[in-house]
Amino acid sequence: MNAVLKPLRRVEAMLPSDLSAVLAIENAAYEFPWSRGNFLDSLHAGYFACLVYDEQQTLAGYFVAMAGVDEMHLLNLSVAPTLQGRGHARWMLDFLRDHCRSHSAAMLWLEVRTGNQRARALYTRYGFSEIGIRRNYYPAAATAREDAIVMSLVTQQAPLPTTGPSDGLD
């Protein structure tokens, strides 16, 4: 039997030199995209920012996450509109969850627009829970603002319960 190995997705650290390609996706994906300055600030702050390439080695998307004390905050996760629906976002969430686990970040947080039903459904299917609302969080049409749903995902396995002090029988 001949096995043909399919090239895998590839992850690279995002660099300032990547921002033209990142901004092309960002501007195509969002009505209110992050600016070059938003990305540069995130990179200069040392946030966990990665590019994800698909099986054909095309830039499929990226994410930016900020580490906190025992947690990670996902600030931006985007997939090129022409490559959506192929599992890239879920794959990035898997990668980020595994990163959280290997760096003892027990919780992954994010905000998502109330009107972004597709992203909300993805995050819910993935296991995120809706835990709150940030009122008027996102810019919206004209001078209006849109609320954000705050979601969280437990990324660490819960430790086994301990039995307390030894009773001398063990």
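This is a predicted model: local features need pLDDT of at least 70, side-chain atom pairs count only at pLDDT 80 or more; totals for chains, interfaces and linings use all residues.
Me: In what order do the elements run from the N terminus on?
Reply: They run β-α-α-β-β-β-α-β-α-β-β.

Me: How much of the chain counts as buried?
Reply: Of the 170 residues, 38% count as buried.

Me: And what share of the contacts join residues at least 24 apart?
Reply: It is 60%, taken among contacts between residues at least 6 apart in sequence.

Me: Back up, what holds strands of a sheet together in pairs?
Reply: Strands pair through backbone hydrogen bonds, and the pairing is either parallel or antiparallel.

Me: Strand 4 and strand 5: parallel or antiparallel?
Reply: They pair in the parallel sense, over four bridges. In this region Glu 71 stands opposite Met 107, which is in strand 5.

Me: And strand 6 with strand 7, in which sense do they pair?
Reply: Strand 6 and strand 7 (residues 145–154) are antiparallel, with seven bridges. For Pro 139, the bridge partner in strand 7 is Arg 145.

Me: Why is strand 5 described as largely enclosed?
Reply: Because five of its seven residues are buried, strand 5 is largely enclosed by the rest of the structure.

Me: New topic, the largest pocket. What is its volume?
Reply: About 1,100 Å³.

Me: Which residues lie nearest its centre?
Reply: Tyr 30, Leu 77, Asn 116, Ala 119 and Tyr 123 do, out of 38 residues in the lining. The elements that give two or more residues to that lining are helix 1 (19–29), strand 4 (71–79), helix 3 (88–102), strand 5 (107–113), helix 4 (117–126) and strand 6 (129–139).

Me: How does the lining divide into nonpolar, polar and charged?
Reply: There are 21 nonpolar residues, eight polar and nine charged.

Me: Now the loops. Where does Asp 70 lie?
Reply: Asp 70 is in the loop between strand 3 and strand 4. Its phi is positive, about 60°, although Asp 70 is not a glycine.

Me: Is Asp 70 buried or exposed?
Reply: Exposed, because its relative accessibility is 52% and the cut-off for exposed is over 50%.

Me: What about Ser 104, where is that?
Reply: Ser 104 is in the loop between helix 3 and strand 5. Its phi is near 55°, again a positive value in a residue other than glycine.

Me: And Glu 31, buried or exposed?
Reply: Glu 31 counts as exposed, at 66% relative accessibility. Glu 31 lies in the loop between helix 1 and helix 2 (36–44).

Me: What separates the C-alpha atoms of Glu 31 and Ala 141?
Reply: A distance of 9.0 Å, although the two residues are 110 residues apart along the chain.

Technical notes. Residues are numbered from 1 along each chain as its sequence is written. Side-chain values use heavy atoms; hydrogens and water are left out. On a 1 Å grid over the protein atoms alone, a cavity is a set of points where a 1.4 Å probe fits but cannot get out, and a pocket is an open set with protein on both sides within 12 Å along at least five of seven lines; lining residues have an atom within 4 Å of a point. Grid points are joined across faces, edges and corners, and a volume is the space filled by probe spheres set on the points. Ala, Val, Leu, Ile, Met, Phe, Trp, Tyr, Cys and Pro count as nonpolar, Asp, Glu, Lys and Arg as charged, and the others, Gly among them, as polar. Two strands pair if DSSP finds at least two bridges between them. Buried means under 20% relative accessible area, exposed over 50%, partly exposed in between (1.4 Å probe, protein chains only). Contact means heavy atoms within 4.5 Å.
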